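Here is a short note to read beside the model. Take the points in order and find each residue as you go.

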Amino acid sequence: MKIGFIGLGNMGAPMALNLAAAGHDVSGFDLTAPCPEGVKKAASGAEAAKGADVVLTMLPNGAILRAVAAEIIPAMSVGSVLLDCSTVDVESARAVAEQAEATQLMAVDAPVSGGIGGAAAGTLTFMAGGTEAGFAKVNPLFDIMGQKAVHCGASGAGQAAKICNNMILGVTMIATCEAFSLADKLGLDRQKMFDVVSTSSGYSWTMNAYCPAPGVGPQSPADNDYKPGFASELMLKDLRLSQQAAEASDADTPMGKAATELYAKFVEEEGGQGTDFSAMLPRFEKRARSG
Ligand code: NAD
């Protein structure tokens, strides 16, 4: 396939490389990031999009996606697919899809989980929204860049799945960290706490697979001085998207709201920026109930 790739940052560059390595003809564009070797450098987004079967975008947020879409949609060929893999708000995903479909393009929103490691290894998980035809056309690309793709529904459904998942993740991480902090104060050994909870009804991915306590459970960022992993500011971004969506759809999400406020404080006031999102545990450790 001829593929245009816009946004060659931490995630986009390795994804574009994997597509090129699999034999696709990939033209890439980024405002600042260098074009990786093996990907043809385009002079603009529109140039990368021209004549492509699929144009993939991997951009920071919904406002930038909307601006890039406005530029590239007129350059795209009828029947081609605009595949956005960025994490953006549901409304932007739906607006861009509507704009694309109005000019007889297909649109698929397919945010990912798996992070930079997953992008490099080609083991991402894609959560996709869009038509059956659009999904079918880009599914072979998901096979190259990832290990799993779920078609979640119509446009926006991929973004909806991503933010619901990450809202659970943020809330659960906080719950796991505050429980460890309480266990510390009660004199309960962390390893014993893990042994019980990881096989009891309090188990979760954050406890069992990504334990925030150093030296306990499988290897995780806690064992590497809380270097990300999944950075706290990216968790905050996703939690804010969940609250934007909750606001827009009138959904009551008190735990999501509390998690958003806590990660905002952690990232913006307490030095959490650049740490893994499991660094909530040392944050709690340092505090007293009234703190
Ligand atoms: P990044 O900031 O490294 O990359 C984004 C790139 O987009 C940058 O290189 C930037 O120069 C480029 N860009 C911005 N405006 C542009 C424009 N108008 N035209 C062309 N290029 C433009 O971010 P990233 O970590 O690669 O993340 C990309 C997306 O993936 C985000 O939406 C993020 O939330 C999501 N995501 C990231 C991770 C992660 O672990 N990094 C995990 C899952 C999802």
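1. In which loop does glycine 229 lie? Glycine 229 sits in the loop between α9 (205–208) and α10. Helices here are DSSP runs of H or I with at least four residues, and strands are runs of E with at least two, numbered from the N terminus. A cis peptide bond joins proline 228 and glycine 229, with omega about 15°.

2. Some ground rules. This is a predicted model, in which local features need pLDDT of at least 70, side-chain atom pairs count only at pLDDT 80 or more, and totals for chains, interfaces and linings use all residues. Residues are numbered from 1 along each chain as its sequence is written, and side-chain values use heavy atoms, with hydrogens and water left out.

3. Stay in the loop between α9 and α10, where aspartate 225 also lies. Phi of aspartate 225 is near 60°, a positive value in a residue other than glycine.

4. Check the polar contacts (pairs of N or O atoms within 3.5 Å). A polar backbone atom of methionine 11 is 2.8 Å from a ligand oxygen. For lysine 237, a polar side-chain atom is 2.8 Å from an oxygen atom of the ligand. A ligand nitrogen is 3.4 Å from a polar backbone atom of leucine 31. The protein covers 83% of the 830 Å² of accessible area that the ligand has on its own (Shrake-Rupley method, 1.4 Å probe).

5. What about the domains? UniProt, in an unreviewed entry, lists "domain: 6-phosphogluconate dehydrogenase NADP-binding" at residues 2–153. That stretch is 39% helix and 27% strand, with its end C-alpha atoms 26 Å apart. The unreviewed UniProt entry also gives "domain: 3-hydroxyisobutyrate dehydrogenase-like NAD-binding" at residues 156–281. Residues 156–281 are 61% helix and 0% strand, and the end C-alpha atoms are 33 Å apart. Such annotations may be inferred rather than shown by experiment.

Note on methods. A polar contact is a pair of N or O atoms within 3.5 Å; within protein, one must be able to donate a hydrogen and the other to accept it, and residues adjacent in sequence count only if both atoms are side-chain atoms.
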